[in-house]
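Subject: Structure handover

Hello,

Here is the structure we talked about. Please open it and keep it beside this email while you read.

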Amino acid sequence: MAENGVGVSVRRKEDSRFLIGKGNYTDDINLAGQTHAVFVRSPHAHATINSIDTSDAAASDGVIAIFTGDDLAADGIGPLICGVTVTSDDGDPHRAPVHSALAQGKVNYVGDHVAIVIAETLAQARDASEKVEVDYGVLPAVTETSRAADDGQQQIHDIAPNNVCFNWPFGDKTAVDAAFEGAHKVSTLELLNNRMVTNPMEPRAAIAEYNSGTEEITLHLTTQNPHVHRLVLSAFNQLAPEHKLRVVGPDVGGGFGAKIFVYAEELVVGWACRKVNRPVKWTADRTEAFLSDAHGRDHVSTAEMAIDENGKFLALRVYTKANLGAYLSTFSTMVPSYLYAFLLAGQYTTPLIYSEVKAVFTNTSPVDASRGAGRPEATFLLERLVDVCATDLGLDPAEIRRRNFIPVEAFPYQTPVVQCYDSGDYEAALDKALALADYEGFPVRAEEAKSRGKRRGIGLSSYVEACGIAPSAAVGQLGAGVGLWESAQVRFNPTGNVQVFTGTHSHGQGHETTFAQLVTEQLGVPFEDIEVIHGDTAKTQFGMGTYGSRSLAVGGVAIAKACEKLIVKGKKIAAHALEAAEGDIEFADGNYTVAGTDKAMSIGEVAFNAYVPHSYPEDLEPGFDENAFFDPLNFSFPAGTHICEVEVDLETGEVEIVKYSAVDDFGKLINPMIVEGQVHGGIVHGIGQALLEGCRYDSDGQLITASYMDYAMPRADDVPNFDVDYAPTNPPHNPLGVKGCGEAGAIGAPPAVINAITNALNIKHIDMPATPENVWRAAQSAV
Amino acid sequence: MLTVNMNVNGKPTSGEIENRTLLVQFLRENLRLTGTHVGCDTSQCGACVVHVNGVSVKSCTILAAQADGTEIITIEGLANNGELHPMQQAFMDNHGLQCGFCTPGMVMSAVDIVNRNGSDVDEPTVRKELEGNICRCTGYHNIVKAVQAGAKNMGG
């Protein structure tokens, strides 16, 4: 093993700059002559725009320009798009209302974009924005997921009757219904998956600059995928030709999905810099982030399981209404469809599954992927339902899971819902988690808590997810507008140090460290001589960016493939220099040797020869710099069991998590320290959903949780320390043997927490977030 | 407009500012000390914490004018001649940061927590005291470890 190579908890390279205040986030960038932008946003959830009067605002101090939707349209700037098509049950594609980056004629949610005000200073832009007079004709608002498609509801978009975006049945309904008819027992559960605001700590921002000499726009953004931004902004929004648009995602302060999408502000700022011929800068304040970032989750579901007399699952039937908000965000349609229904098998052998998803429009912020995206919704539904099944049959929650697990010898395992799981050992993870959580000792702890007037509960969640989001052929068949491979370039400089260019993007995941570990392991170059570069379309070749826990499982393999090409080319160079046959050259630990001799040269010397090819193979190109692309054959299927133990105060409804144990299968770990950090963060994201976070609109469509005073983010004193362990299996299709780890915690945690609370209170169900008030009410009704 | 003078990271500075300028705006925009971050608009997230006369302050919550004549330390002023402060080192050693955005405020708060509670500050106290600093990435586990490790190193 190389020092600082694979499997070592190397301290992170990126920390050196973050810890001394030398990070370079979008709002840290200032350009000569820059102007400042503020967006005029709709205060109404649903209204016609009768007129916009900008005359007072235009006369305000420091104002340079004010633009509205008509200005965008006049320049041929296209509407924002949704990149994934879902076919509705009537055979037509999902209904896609026109989404102009600045509203035209109508606004559809509070925070919808009406105008951009550009001024010399931010304060001047803000002052002037308050002087833009918009005459609105207020319409009734639709906000409730469960009722949005009911007859008689206000219509939001003409193109979408009954506010339905798509109705998407999946599975053999006849067979499933028949299985229910003959079942020994049917367990049912109605539940909602609470709406979340993703809340990376860095608010979204953009700063755009136009060079009239080169006719190039440079757009620095809070993005998880600069090339995807550039592609969409060029091909669909006509901002600039792809080769005349540079998109840079510099240091980005967290993403969790919210920074995947192409947002109105980004397009408008990019366009406006050319209009005013000066740099334009915009940074969201937190209230704007709450109002206009794409939100996550927001499902209302009914789930039923048919079970035989041995506790085996016979069939699953699921009806879900999913809120997509006012417009379709970039990847919104795939979240409650492919990323949700295809995960409903979970870790179980349930042979028959039918689901029906009705996606609806409401007068709320668009909803799209948020850490886990569809998979937390599927997992919460299934793992809660499994606990209800256990109660209904009088079985221990661990036992009912064990009876239904896909056995280790059954992999690769074709589920009835498209996915073919490549590897897993679910019982091994369960057993390890039960031991880690001291599951057997729980009754004693529960009794002890009871003696103090508290109630203890323990909850399991055995999740599987599909990530490493890739196979281009698969996503193409499903209606995605892009391929999902990844690219890498590994370049030796003449002096022997190495630059690694990746198409993925790091916004907290530590790629600069993990990827350097891969390279030092493979090429033998010292860790400190390797630099990982990402996030700039002018530096790196096209890549798909980071989301869906794909960076290592897809992007890491592309890097390994590029390294392999270098090793092969180096053999030819070394053979020539060492006057040996190429077949006699071996490579190990950064050195080429002639087998059976002491003749050797380092890969650094080979690189120098490649750039100074005075004595060099005639048939070989100079240079030591290789590209590679990787398009995997399957998704990555991390899985595991999480066990949460809670103590509930019946007087106050307060829930304390007293112990949390997680055993995950992420395949091989490159940097265990970083992986464990991802697990911790994911779990707390999930605990936040389970206990604290609930995004709420009132019936007028006002967002009543639009600040950290009203929306409860998990804080240090809300959560415990975690016991984390692994039960790895080897994914056969992944050359590095790795699986994704970034979302697992957010997927596994919510049902573990809620199962613990229902266990403590001996109740069937409690909706998330299980706030003290909700828990107290549930406890009263249970007593 | 008014003129403010303060000592920032050991250097005397002054600036012409609008009366409504917040301390964090003065630091970020006038002095281009962009290590101090703004993560919210309600004084909740703590990304903007700096030390004013040795005490942690959310710099989004006071006017620059109120800081006139004070001594300010920001994240850029914590390391000593290129050597990380023990708390910065502890955050690195314990993987107490991921995206790095909340980190400057976390570290500045952490130093203040240790200054007030001593080098053997216990875990519940650290968690309670970090209540005003929000992190979305780490789940706090490693931040708490880092603060306790940093506390020991500061004390030693």
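A residue is called buried if 20 or more other C-beta atoms lie within 10 Å of its own. It is exposed if 12 or fewer do, and partly exposed in between. Keep that cut-off in mind. The model is predicted.

**A covered helix in chain A**

Start with helix 6 of chain A, residues 226-235. How many of its ten residues are buried? Eight of the ten are, and the helix is mostly covered. The buried ones are Pro226(A), His227(A), Val228(A), His229(A), Arg230(A), Leu231(A), Val232(A) and Leu233(A). What covers them? The cover includes strand 11 (216-221), strand 12 (245-248) and helix 7 (264-276) of chain A.

**Confidence**

The complex has an ipTM of 0.98 and a pTM of 0.97 from the predictor. Chain B has a mean pLDDT of 97. In chain B, 99% of the residues reach 70 or more.

**Domains of chain A**

Look at domains 2 and 3 of chain A. In the contact, 18 residues of domain 2 of chain A meet 17 residues of domain 3 of chain A. The domain 2 side of that contact holds ten nonpolar, six polar and two charged residues.

**One glycine in chain A**

Now find Gly740(A). It sits in the loop between strand 30 (723-726) and helix 19 (744-761) of chain A. Is Gly740(A) buried or exposed? It has 25 other C-beta atoms within 10 Å, so Gly740(A) is buried.

What does Gly740(A) touch, leaving out residues up to four places away in sequence? Its contacts are Cys467(A), Gly468(A), Ser549(A), Arg550(A), Ala553(A), Ser636(A) and Pro638(A). Take Arg550(A) from that list. Gly740(A) and Arg550(A) are 190 residues apart along the chain, yet their C-alpha atoms are separated by 6.1 Å.

Helix 15 (residues 511-523) and helix 16 (residues 551-577) of chain A pack against each other. The angle is about 35 degrees, and the axes are 10 Å apart. The crossing of helix 15 of chain A past helix 16 of chain A is right-handed.

Which residues make the contact? Helix 15 of chain A brings His511(A), Thr514(A), Phe515(A), Leu518(A), Val519(A), Gln522(A) and Leu523(A). Helix 16 of chain A brings Ser551(A), Leu552(A), Gly556(A), Ile559(A), Ala560(A), Cys563(A) and Leu566(A). By class, this contact has nine nonpolar, five polar and no charged residues.

**Where the chains meet**

Next, the contact between the chains. Chain A gives 44 residues, and chain B gives 45 residues. On the chain A side, helix 1 (15-18), helix 8 (286-292) and helix 18 (672-692) each give two or more residues. Helix 18 of chain A gives the most, with seven residues. The side of chain A that touches chain B has 20 nonpolar, 13 polar and eleven charged residues.

**Chain B**

The domain assignment of chain B gives domain 1 (2-77) and domain 2 (86-155). Their centres are 21 Å apart, taken over C-alpha atoms. The contact takes 15 residues from domain 1 of chain B and eleven residues from domain 2 of chain B. On the domain 1 side, strand 3 (49-52) and strand 4 (55-58) of chain B each give two or more residues. Strand 3 of chain B gives the most, with three residues. That side divides into seven nonpolar, eight polar and no charged residues.

Helix 1 of chain B is mostly covered, with six of its eight residues buried. They are Leu23(B), Val24(B), Gln25(B), Phe26(B), Leu27(B) and Arg28(B). Their cover includes strand 1 (2-8) and strand 2 of chain B. Just after helix 1 of chain B, Arg32(B) takes a positive phi of about 55 degrees.

Last, look at Arg20(B). It lies in the loop between strand 2 (11-17) and helix 1 (23-30) of chain B. Why does Arg20(B) count as exposed? Because it has 10 C-beta neighbours inside 10 Å, and exposed means 12 or fewer. Arg20(B) and Met1(B) are 19 residues apart in sequence and 9.0 Å apart in space, C-alpha to C-alpha.

Best wishes

Definitions and conventions:
Residues are numbered from 1 along each chain as its sequence is written. Chains are lettered from A and ligands numbered from 1 in the order in which they are written. This is a predicted model: local features need pLDDT of at least 70, side-chain atom pairs count only at pLDDT 80 or more; totals for chains, interfaces and linings use all residues. Two residues are in contact if their C-beta atoms, placed from the backbone, lie within 7 Å. Ala, Val, Leu, Ile, Met, Phe, Trp, Tyr, Cys and Pro count as nonpolar, Asp, Glu, Lys and Arg as charged, and the others, Gly among them, as polar. pLDDT is the predictor's confidence in each residue, from 0 to 100. Helices (H or I, at least four residues) and strands (E, at least two) are DSSP runs, numbered from the N terminus. Axes are lines fitted to C-alpha atoms, for helices over the stretch in contact, and angles run from 0 to 180 degrees between N-to-C directions. A crossing is left-handed if the near helix is turned anticlockwise from the far one by less than a right angle, and right-handed if clockwise. Domain bounds come from an automatic or database domain assignment.
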